[in-house]
Amino acid sequence: TRQGLSAFNCDLVHYQGFWYLDTSMVARIFSARRHFQAQPSDIFICSAPKTGTTWLKALAFAIVSRTTVDDDDDSTANPFLSKTPHECLPILEFTFPSMTPHDDNGSCLPFFNRDPKNPLIATHLPFSSLPESVSDSDSSGCKIVYICRDPKDTFVSMYHFFAKLAASRNMEPIPLDKAFELFCNGESSFGPYWDHVLGYWEASLDQPDKILFLKYEDMKEKTGFYATKLAEFIGHGFSSEEEGNGVVEKIVRMCSFDCLSNLEVNKTGKIAENTAWEMENKLYFRKGNVKDWENHLTPEMAARMDLITEQKLSGSGLTLTYSK
Ligand code: A3P
């Protein structure tokens, strides 16, 4: 274990090449790998923290449940009025291991606490630590959607998230320069960030029909295009009638930073209330911009992070540094 960049200023635990918040996370991974059996209809929404998870969850959920959001005038049709995007999807490493994975015969049951109408499951687990039935090319036929983001913006977002979390718990926030060092050394929750991204990137090259690899910056620029691509990929493509009726635009607007961050449910309340993982919903919405790092990192810090990115991604064919 080592002190790393985490939500709780606690020691991180190293397991299979990645850093985790505590040993319970390692136990959860172990349990999910042992007992979780993916179904062909499952769609995994995967990400490292602070890369646009909330947004991707919202888009995916709005897409798969869109029969209920068709009517623009009916405000009650917006599923995000009553629950945060995080409450719309079970999380593999949190939900699953709390369930008893055995039936009467002692064999494993699938993820049985799930809503049969909702094929989505979220996870921050690195690709290499996913249950085999999820990551294997031919075992289950499930789909994976991954989102990543320029490491500089991911770091800045994480730094602010932890600073606010510390403040809400009357703890000292970790100073920016120290947080930066830890992130650069890979010692952040679910880090090294670059290894997390590379795991999914390489898998997406091997299995392009199974894994859709998205970038936050591209999605900000062409949200409608990527929402359409996402819908098609997960088997919920838009019909020409829906496109003609502006359904794509409605979903994009409903899931936008401005709309979601202004909803009462996201401004107030907490997820995982009364547990060690309790977080205020509003912590998941800060600015939602590309290149906010320019307001927080010195040119030297930015150059250093870019160099690490260049070295880590060298030869992979992937770029993460957003220069527009
Ligand atoms: P910033 O801190 O840069 O604003 P995650 O959901 O993985 O925790 O990532 C959080 C980041 O996504 C935060 O970035 C947050 O503001 C941003 N975000 C949340 N909802 C968003 C949305 N609907 N559209 C774009 N960005 C969003």
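A polar side-chain atom of Thr53 sits 2.6 Å from an oxygen atom of the ligand, a pair that falls under the heading of polar contact (N or O atoms within 3.5 Å; within protein, one must be able to donate a hydrogen and the other to accept it, and residues adjacent in sequence count only if both atoms are side-chain atoms). Please keep in mind that this is a predicted model, in which local features need pLDDT of at least 70 and side-chain atom pairs count only at pLDDT 80 or more, while totals for chains, interfaces and linings use all residues. Residues are numbered from 1 along each chain as its sequence is written, and side-chain values use heavy atoms, with hydrogens and water left out.

**Ligand contacts and cover**

- Arg149 has a side-chain N or O atom 2.9 Å from an oxygen atom of the ligand.
- Lys287 takes part through its backbone, where an N or O atom lies 2.7 Å from a ligand oxygen atom.
- On its own the ligand has 570 Å² of accessible area, and the protein covers 97% of that (Shrake-Rupley method, 1.4 Å probe).

**The shell around the ligand**

- Helix H2 (53-64) and helix H12 (257-261) are the elements that give two or more residues to this shell (helices are DSSP runs of H or I with at least four residues, strands are runs of E with at least two, numbered from the N terminus).
- H2 gives the largest share, three residues.
- In total, 18 residues surround the ligand, and the closest are Lys50, Thr53, Thr54, Ser157 and Gly288 (a residue counts if one of its heavy atoms lies within 4 Å).
- By type, the shell holds seven nonpolar, seven polar and four charged residues (Ala, Val, Leu, Ile, Met, Phe, Trp, Tyr, Cys and Pro are nonpolar, Asp, Glu, Lys and Arg are charged, and the others, Gly among them, are polar).

**Helix packing**

- The axes of H2 and helix H9 (residues 223-233) come within 10 Å and cross at roughly 60 degrees (axes are lines fitted to C-alpha atoms over the stretch in contact, with angles from 0 to 180 degrees between N-to-C directions).
- That angle makes H2 oblique to H9 (under 35 degrees is roughly parallel, over 145 roughly antiparallel, 65 to 115 roughly perpendicular and the rest oblique).
- Helix H5 (residues 151-168) and helix H6 (residues 176-184) pack at about 130 degrees with axes 11 Å apart, and are therefore oblique to each other.

**Backbone details**

- The peptide bond from Gly191 to Pro192 is cis, with omega near 0 degrees, and Pro192 lies in the loop between H6 and helix H7 (193-206).
- Gln16 is not a glycine, yet has a positive phi of about 45 degrees; Gln16 is in the loop between strand S2 (11-15) and strand S3 (18-20).
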